[in-house]
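Dear colleague,

Please find below the structure that I am handing over to you, with its sequence. My notes on the findings follow directly after it.

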Amino acid sequence: MRIRLAVLTTGATALLAGCATETVPACRAPQSYEMAAFSGVISHNPNALAAATAPGALRSALTGGTPAVRGHLWGHDGITDGTVVGILSQPPLCIIDDPSAPDSETVRQVLVYPQARYSRVAPPPETALADAPPPYGVSRRDYLSCRFEMTAEGWKLADLCGYTRPVASTVTG
């Protein structure tokens, strides 16, 4: 009886210890709102991408054909290395909810990897998250960071997956 109790106690302790250590994130498939934005990029369809983008200066720059925005998304002269389409065009996609920017009711930040890239750059799945926090690899070579915001129309892409150059804001009203 004591042996059984010792085995059960040891097993329960190991199970609880395993729960206490969060490991590196596992990939998930894109949510429908994420895929709507990604599909607009992959299909080179600025109208579909604009429909999946939050209202504001970036959507206006996208619909206005701003060269820097188009270059960030689709590249120049057929060169897509380091662009959003360059990463998104390597299916299947691996989505990681960015633990450094926890989800809220209004903002979600995700890291987007081609599955093959994630497999090369991520630590083994049993690695403690505290020992190896994402992102893994090099931005715009191995992954993208994309922010989504809740709008009156639902979740929309807010930053065109890392666009950082200034855009002219338009005043409406």
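Arginine 140 counts as partly exposed, at 32% relative accessibility; here buried means under 20% relative accessible area, exposed over 50%, and partly exposed in between, with a 1.4 Å probe and protein chains only. The model is a predicted one, in which local features need pLDDT of at least 70 and side-chain atom pairs count only at pLDDT 80 or more, while totals for chains, interfaces and linings use all residues. Residues are numbered from 1 along each chain as its sequence is written, and side-chain values use heavy atoms, with hydrogens and water left out.

Arginine 140 is found in the loop between helix 7 (115–121) and strand 3. Helices (H or I, at least four residues) and strands (E, at least two) are DSSP runs, numbered from the N terminus. A polar atom of the arginine 140 side chain lies 2.5 Å from the backbone oxygen of glycine 82. Leaving aside neighbours within four places in sequence, arginine 140 is in contact (heavy atoms within 4.5 Å) with His72, Gly82, Thr83 and Ile87. The C-alpha atoms of arginine 140 and tyrosine 113 are separated by 9.5 Å, with the two residues 27 apart along the chain.

Aspartate 142 lies in the loop between helix 7 and strand 3, and counts as buried at 1% relative accessibility. Its side chain takes part in polar contacts with the side chains of arginine 117, at 3.0 Å, and of arginine 141, at 3.4 Å. A polar contact is a pair of N or O atoms within 3.5 Å; within protein, one must be able to donate a hydrogen and the other to accept it, and residues adjacent in sequence count only if both atoms are side-chain atoms. Beyond four places in sequence, the residues in contact with aspartate 142 include Ile87, Val112, Tyr113, Arg117 and Tyr136.

**Overall architecture**

The protein has seven helices and four strands, and follows the pattern α-α-α-α-α-α-β-β-α-β-β along the sequence. Of its 173 residues, 36% are buried. Among contacts between residues at least 6 apart in sequence, 63% join residues at least 24 apart. The accessible surface comes to about 9900 Å², and 58% of that belongs to carbon and sulfur atoms; these areas come from the Shrake-Rupley method with a 1.4 Å probe, and for residues only the protein chains shown count as cover.

**Strand 2 and its partners**

Strand 2 (residues 107–114) is mostly covered, with six of its eight residues buried. Strand 2 runs antiparallel to strand 1 (residues 93–97), and five bridges join the two. Strand 2 is also antiparallel to strand 3 (residues 144–151), through six bridges; two strands pair if DSSP finds at least two bridges between them. Leucine 111 stands opposite isoleucine 96 and opposite serine 145 in strand 3.

Glutamine 109 has its place in strand 2 and is buried, with a relative accessible area of 13%. A polar contact of 2.5 Å links its side chain to that of serine 145.

**Aromatic pairs and nonpolar cores**

The structure holds six aromatic pairs. Rings of Phe, Tyr and Trp (its six-membered ring) pair if their centres lie within 6.5 Å; planes under 30 degrees apart count as stacked, over 60 as edge-to-face and the rest as tilted. The rings of tyrosine 33 and phenylalanine 148 have centres 5.3 Å apart and planes at 75°, so this pair is edge-to-face. Tyrosine 33 lies in helix 2 (residues 32–42) and phenylalanine 148 in strand 3, so the pair ties together parts that are 115 residues apart in sequence. Both residues are buried. Tyrosine 113 and tyrosine 118 form another edge-to-face pair, at 5.0 Å centre to centre and 70° between the planes. One aromatic cluster is formed by Tyr33, Phe38, Phe148 and Trp155.

A nonpolar core is a set of buried Ala, Val, Leu, Ile, Met, Phe, Trp, Tyr and Cys residues joined through side-chain atoms within 4.5 Å. The largest has 29 residues, of which Phe38, Leu49, Leu73, Val112, Cys146 and Phe148 touch the most other members. A second, separate core of eleven residues includes Leu111, Ala122, Ala132 and Tyr143.

With kind regards
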